Structure formats: structure tokens, C-alpha cells
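Please consult the sequence and the structure alongside the numbered points.

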Amino acid sequence: MKKSVILGALTVAGLSVGAAAAGTLDDVKARGKLNCGVTTGLVGFAAPDANGEWKGFDVAVCRAIAAAVLNDPTAVEFVPTTGKTRFTALASGEIDVLARNTTWTFSRDVDLKFTFVGVNYYDGQGFMVPKALGVSSAKDLDGATVCIQTGTTTELNLADFFRANNINYEPVPIETNAEAQQQYLAGACDVYTTDASGLAATRATFEAPGDHVLLPEIISKEPLGPLVRHGDDEWGDVVRWTLNALITAEELGVTSANVNEMAANTGNPEVARLLGTEGTLGEMLGLDAEWSKRAIAAGGNYGEVFAKNIGEETPIGLARGLNAQWTDGGLIYSPPFR
Ligand SMILES: N[C@@H](CCC(=O)N[C@@H](CS)C(=O)NCC(=O)O)C(=O)O
């Protein structure tokens, strides 16, 4: 247990950010491709489909940025990263942005020197166990073997939770979700713990999802969102306001289906500013007037992206919950487009 926890801490403390200050927007434009860091595969969030095409809730962020900046949602090089490799990939400049269910924490911002541009999914850490284990609370897991991804907040929270409850566990460290799934289904660990959204996504791919239960405890806050390097605020603004454009579009009823019509006919001044028919917001970002129209058209507004990839009509079946718009009692809230 100690070894894995120390490793997790070292991953955070030991990285130094060397690469790349300003200029990412120009680099992306010159390259004609966005290098977007994603997971190695988590269905619903980021995974290649049967044709090798990357799909998912985090993938949609990459495609929206590419549409806004490069006028082409397919101009993305998806770079698979693990919990451990993701921060080096971003710090070194191998990727322009990381969109990979990554939790916004103090040390990742201040110490690793990354800018989280927003939150696209408010999550928390949960536990999955086989029904046959007969456990109904995480507090009953004393002595359990736990599959846990290294380099994550998950391993740090797990240590905190077990220590606070005065119970013990044996970690089974794994690097990718695929490995976790395999180990868990093979019985190499009694429990799989990660972000609750990741558990739902993983369980949905099982042959018999009903044989596994998610325990009631959510032991942490995991605000997940895209991040860029410190020191390039212009690029941070592009990524931040692309995400905000998707969020605001949902709030204002702009969808992938009606975006062109709304741009042409709206009487709502904020819709007009958002869609570039009024004002110069695109120009301020170093883009053209149609940037957000393309971002919204790429995969839909925030609500469409959610519904299509991870929502209640999908096998993953996640409710909006905290991720509802603020106007519906949730936490999804974009600052104004003005
Ligand atoms: N949100 C946590 C955990 C993120 C994480 O690594 N989650 C796993 C399990 S859902 C994952 O995305 N795996 C995909 C992969 O292995 O590439 C963090 O930022 O540390």
C-alpha cells in the first residue's frame, strides 16, 4: 500500500514543467492539427469505435477546439495517455491540451503548473464490487484487494478514506482502465475504485453489468476538465471559451441542428454575440467570427454532447445530476458572452 501511495505523490511532486510558454494557438494553426491528449480508452469518454474513429464526451472537447481553430473537427491527433503519462505529455508540449477525465486539484495547478480552463464533468470517487461479494458499504471493505490506477487522485483518496475509517486494504496497482477491467473481472481484486463516471462507463461494457454494484459512498470531489500549460493565456482562452460556448449554447437553446438558423435570425443579443453575428469576440480570441458556430456544429452543445455519449439513453446511463445547467439546479455555468 505504502509504495503505491508514495508513487502517486511522487508523480505529482516530481514533475517540472519545462516546455512551451506562449504560441500554442499559432503552433496548432501552422500544424493544421490539434494534438489532444485523451485516455487510452474509456468508452463514452474517449475510445476508438469499430472504425478506429475516436468518440466520446472528452473527444467532443477536442473536436470542438479543432473546429473552432482549424475549421475541421477531424483535424485532431488523439494521443492516448495513462494516469501517469498524461502530465508529462502536456508539460513537454507533446499535446496542446489534455481532455481526459482529469481532476482539477491545487497541486496540479500550482505545482505542476497547469491551467484547468473549466469543468466539463463534476464527479466523485466511487467503488464497484461484484454483487456476489455481498458488500453494501465501502466501510465493510476491511482487508479487501483494490484495483487502482497509478498517478491518479484515486489512489490518494483511497488511502485517506481507509485511514480515516481505520480499515486496511491491499492495492493492486494498474496503469489503464482496460487492465483494471481485466484484473477485476479475473478476480485479482475484490474492488475497483475510480471516478463514479468511469465505473459506470466500465460496467456498461461488461457482459453482465447487473452482476456488479456501485457502493453508495462517494468519497471525494473530482471536478474533471480540460487543461493546458501555464504561461500561454491566449491558448487557455481559446480552450476555455470553446468549452464555454458549448455550455452557453445549451443554456440559450442553440443546437447543432439550429445553429445556422439561430445565427441568421436570432433576436437575442447574447446568441448573436455567441454566434459571431454581433460583436468581435472571435477576433479577440485570434479566431474568425464563426469559431463558436463550428464548435457547436461539430458535436452539439454541452447537453447534446452529454446525451449522445454518456447520458441516460446510452448504455452508460449517467443522469445529469450536478452536471445539469445552473438554470436546472446544476453546477454547469458559463460566464457571459459579452
Ligand atoms: N480523475 C482522476 C482519475 C482519472 C483516471 O485515470 N481515470 C481512469 C479510470 S476511469 C481512466 O480514465 N482510465 C482510462 C485509461 O486508462 O486510459 C484523476 O484525474 O487522477
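1. Lys293 touches Val259, Asn260, Ala263 and Leu275, leaving aside residues up to four places away in sequence; contact here means heavy atoms within 4.5 Å. Lys293 belongs to helix α13 (residues 291-299). Helices (H or I, at least four residues) and strands (E, at least two) are DSSP runs, numbered from the N terminus. With a relative accessibility of 14%, Lys293 counts as buried, where buried means under 20% relative accessible area, exposed over 50% and partly exposed in between (1.4 Å probe, protein chains only).

2. On the basis of the note: this is a predicted model, in which local features need pLDDT of at least 70 and side-chain atom pairs count only at pLDDT 80 or more, while totals for chains, interfaces and linings use all residues. Residues are numbered from 1 along each chain as its sequence is written, and side-chain values use heavy atoms, with hydrogens and water left out.

3. Trp291 also lies in helix α13. Trp291 has a relative accessible area of 2% and is therefore buried. Its contacts, not counting residues up to four places away in sequence, are Ala68, Trp241, Thr242, Ala245, Leu281, Gly282, Leu285 and Phe337. The C-alpha atoms of Trp291 and Ala66 are 9.6 Å apart, although 225 residues separate the two along the chain.

4. Which residues touch the most other members of the largest nonpolar core? In this core of 60 residues they are Leu34, Val69, Trp235, Val254 and Leu275. Helix α3 (residues 57-70) supplies the largest share, 11 residues. A nonpolar core is a set of buried Ala, Val, Leu, Ile, Met, Phe, Trp, Tyr and Cys residues joined through side-chain atoms within 4.5 Å. As general background, nonpolar side chains in soluble globular proteins tend to be buried together.

5. Val69 touches Leu25, Val28, Lys29, Trp235, Val238 and Leu287, again not counting residues up to four places away in sequence. A second, separate core has 16 residues, including Leu141, Ala144, Ile148 and Phe161.

6. The whole structure contains 17 aromatic pairs. Rings of Phe, Tyr and Trp (its six-membered ring) pair if their centres lie within 6.5 Å; planes under 30 degrees apart count as stacked, over 60 as edge-to-face and the rest as tilted. Trp241 and Phe337 form an edge-to-face pair, with 5.1 Å between centres and 85 degrees between the planes. This pair links distant parts of the chain: Trp241 is in helix α9 (residues 233-252), Phe337 is in the segment after α14 (302-309), and the two are 96 residues apart. Trp241 counts as partly exposed because its relative accessibility is 22%, whereas Phe337, at 2%, counts as buried.

7. Tyr302 and Phe306 form a tilted pair, 6.3 Å centre to centre with 45 degrees between the planes. Both residues lie in helix α14, four residues apart, about one turn of the helix.

8. A polar side-chain atom of Thr40 is 2.6 Å from an oxygen atom of the ligand. For Arg100, a polar side-chain atom lies 3.0 Å from a ligand oxygen atom, and an N or O atom in the side chain of Gln149 is 3.0 Å from an oxygen atom of the ligand. Taken alone the ligand exposes 510 Å², and the protein buries 100% of that.

9. Asn71 has a positive phi, near 60 degrees, and lies in the loop between α3 and β4 (76-80). At 54% relative accessibility, Asn71 counts as exposed. Asn166 likewise has a positive phi near 60 degrees; its place is in the loop between α6 (153-164) and β10 (169-174). Asn166 is exposed, with a relative accessible area of 71%.

Technical notes: A polar contact is a pair of N or O atoms within 3.5 Å; within protein, one must be able to donate a hydrogen and the other to accept it, and residues adjacent in sequence count only if both atoms are side-chain atoms. Accessible areas come from the Shrake-Rupley method with a 1.4 Å probe; for residues, only the protein chains shown count as cover.
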